[in-house]
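Biologist: Hi! Could you walk me through this one while we look at it together?
Modeller: Happy to, just ask away.

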Amino acid sequence: MAKRLLVAYGLWALGGPLGLHHIYLGRDSHALLWMLTLGGFGGGWLWDFWHLPGWVAAANGARALRDRGGTVPALSPLRLAGQVTVGTYFGLVAALGLPWVPALLAQPLAVGLGVQLVSSVGDQTAEAPSTLAAAFLASLLFQGRVLAVLPTSLAASIVAQRHRRYKPRGMPRPRLAARLYHLGLACLAFAAPLACRGLCGAAGVLGTLLALLRATTELLVLPLRAGRLLAEVLGLAGGSPARERGAGFEPSSWSERQQRAYEVVSLSPQVLGVPAGSSAEDVHRSYRELVKLWHPDHNRHRAEEAERRFIELQEAYEELAGARRAAAG
């Protein structure tokens, strides 16, 4: 189906930065490059305006044989500059979006793929293994540092230019659905790490904003709290619940041991097995019998219960004996 120049210009105007006119003309590598760089950072999209007539003619087969003057394409300084720029851009994106991947793996791979993508624009290409090998060797030389993306991209671009060649003719073109599927996968592979990094950064920023909001709230209510505390110290504020309850107030800070002692006082006769008001001899006799009965050494089959009963007996006897000694004194 013949391509129309008017349709190409319409797609260039409507979705040029996304490479719609290149998809229409069958230039998928160029379209992918435009998608990932937003039309060659804007400048490439404008540059396409003057080249659309020639690309439409090439897509219709009018210039396919005339443009190739030999087996090796002529050296293009513009393509070389594009390779260095896009390779550096891909390397920086990898450093930003894939911080958990070792730099010696992520950066040269991204740089090599960026250089190879520019090499595949139009009817030209380069040997991908050679381009990637040059990127990895250069990155290894600079130990994978972030600033090494520029020399790594330069080395890969020079190797790609050294191994440049024309694409083979007569290759069957995939259907439009398959082409769009492959372009979508490539865009997803490029954008997914950046999106993940952006979401993590947004979550961190949100957490920081919430912490700042809490700190601001605490700072605003600080004078109110300080004034209330000062009023209580000076006695200007209302009395505390303890003062209002008067003598019936029992401190809430009593220890559990003290509370346990008061409970034992009321339960001592029952614990010792003697009625209230029994004589000291009866209390002592009952205490000795029960101590022998509940001694932990004699109740190993129920050690926990015996230990609890033994402690209760000790506390009850001490409370009753102490109360009688105080009464005798």
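Predicted model: local features only at pLDDT ≥ 70, side-chain atom pairs only at ≥ 80, totals over all residues.

Biologist: Is Thr 125 buried or exposed?
Modeller: Buried: its relative accessibility is 11%, and the cut-off for buried is under 20%.

Biologist: What does Thr 125 touch, leaving out residues up to four places away in sequence?
Modeller: Its contacts include Gln 116, Ser 119 and Ser 120.

Biologist: Let me zoom out. How many helices and strands does the protein chain have?
Modeller: There are 13 helices and 2 strands. Of the 329 residues in the chain, 28% are buried. And if you take the contacts with a separation of 6 or more, 67% of them join residues 24 or more positions apart.

Biologist: Which residues does UniProt annotate as "transmembrane region"?
Modeller: The unreviewed entry gives that annotation to residues 7–25, 31–50, 89–111, 131–159 and 180–213. In the model, residues 7–25 are 74% helix and 0% strand, with the end C-alpha atoms 10 Å apart. Residues 31–50 come out at 95% helix and 0% strand, and there the end C-alpha atoms lie 17 Å apart.

Biologist: Now helix α1. Which of its residues are buried?
Modeller: In α1, residues 5–15, the buried ones are Ala 8, Trp 12 and Gly 15. They are on the same side of the helix, because they cover an arc of only 110° around its axis.

Biologist: And what do those buried residues of α1 pack against?
Modeller: Against α2 (20–24) and α4 (43–59). On the face turned away from the buried side, α1 carries the exposed residues Leu 6 and Leu 14.

Biologist: Changing topic: how are two packed helices described?
Modeller: By the angle between their axes and the distance between those axes. Take α7 (residues 128–141) and α8: their axes come within 8 Å and cross at roughly 150°. The angle is over 145 degrees, so α7 is roughly antiparallel to α8.

Biologist: Which residues make that contact between α7 and α8?
Modeller: From α7 you have Ser 130, Thr 131, Ala 134, Ala 135, Ala 138 and Ser 139. From α8 there are Thr 152, Ala 155, Ala 156, Val 159 and Ala 160. The crossing of α7 past α8 is right-handed.

Biologist: What about α5 and α8, at what angle do their axes cross?
Modeller: At roughly 140°, and the axes of α5 (residues 77–97) and α8 (residues 149–162) come within 8 Å. That angle makes α5 oblique to α8. α5 also passes α8 in a right-handed crossing. Among the residues in contact are Gln 83 and Gly 87 of α5, with Ser 153 and Ser 157 of α8.

Key:
Residues numbered from 1 in each chain as written. Heavy atoms only, no water. UniProt positions renumbered as here; feature names shortened; annotations may be inferred. Helix = DSSP H or I, 4+ residues; strand = E, 2+ residues; numbered from the N terminus. Buried < 20%, exposed > 50% of the residue type's maximum accessible area, 1.4 Å probe, protein only. Arc of directions from axis to C-beta. Contact = heavy atoms within 4.5 Å. Axes fitted to C-alpha atoms, helices over the stretch in contact; angles between N-to-C directions. Parallel < 35°, antiparallel > 145°, perpendicular 65-115°, else oblique. Left-handed = near helix turned anticlockwise from the far one by under 90°.
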